[in-house]
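Colleague: Thanks for sitting down with me. Could you walk me through this model?

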Amino acid sequence: MTAGIGKAGALLQAMGLAERNAHATACRIPAVHLMVQLREVRRANAEQLREIVEVHGWPTPGLVGPQAAADAVRILLACDDPGLQICCRNLMRLALDSGELPEILYAYVADTCDVALSIPQTYGTQVNPRTLRPYPIKDREAAERMRADIGLVPLDQQTGSYLSGAAAVPADQSRP
């Protein structure tokens, strides 16, 4: 691992921690200034992620470690920049195709981009906050097979968890 990649991995982990802390605080204490802080953390994280991606490409687990790679996805999902999300999704697809990226990390970003583009999602990871049901899915049977292959719970279980108030998470790991 080069020094630049090592620094990028440490920076991604610090950014991921800042995102989690700001999000938890803003959710726990409903105050305008905390929502402003959360938006600022997310804006700064998106800019730093953009710089990392421009220099190193998509930060895969092999390059930055599994935690930093998951943090990169978390940061990308939280940002309010569809252009960055789509660009990163395309880089992630290349990493997925070459075996450098776990499909579960790609699934959340691919579905987020599909929903943003108003096209049916592939994996069913994105849920409408009003209905607590997945946004439209391209092929439900295929989605169920892919979800099982990458460790996500079945769609009915995910929906049941959301409807009961407990967010569904992958079978053997937490959501990025």
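Colleague: How are H7 and H8 oriented to each other: roughly parallel, roughly antiparallel, roughly perpendicular or oblique?

Modeller: Happy to! First, this is a predicted model, where local features need pLDDT of at least 70, side-chain atom pairs count only at pLDDT 80 or more, and totals for chains, interfaces and linings use all residues. Residues are numbered from 1 along each chain as its sequence is written, and side-chain values use heavy atoms, leaving out hydrogens and water. The axes (lines fitted to C-alpha atoms over the stretch in contact, with angles from 0 to 180 degrees between N-to-C directions) of H7, residues 140-150, and H8, residues 155-164, come within 10 Å and cross at roughly 85°. Angles under 35 degrees count as roughly parallel, over 145 as roughly antiparallel, 65 to 115 as roughly perpendicular and the rest as oblique, so H7 and H8 are roughly perpendicular.

Colleague: Which residues make that contact?

Modeller: Contact means heavy atoms within 4.5 Å. H7 brings Arg140, Ala143, Glu144 and Arg147, and H8 brings Leu155, Asp156 and Gln158.

Colleague: How many helices and strands are there in the protein?

Modeller: Both are DSSP runs, helices being H or I with at least four residues and strands E with at least two. Along the sequence the pattern reads α-α-α-α-α-α-α-α. The count is eight helices and zero strands.

Colleague: What share of the residues is buried?

Modeller: Buried means under 20% relative accessible area, with a 1.4 Å probe and protein chains only. Of the 176 residues, the buried share is 43%.

Definitions and conventions. Buried means under 20% relative accessible area, exposed over 50%, partly exposed in between (1.4 Å probe, protein chains only).
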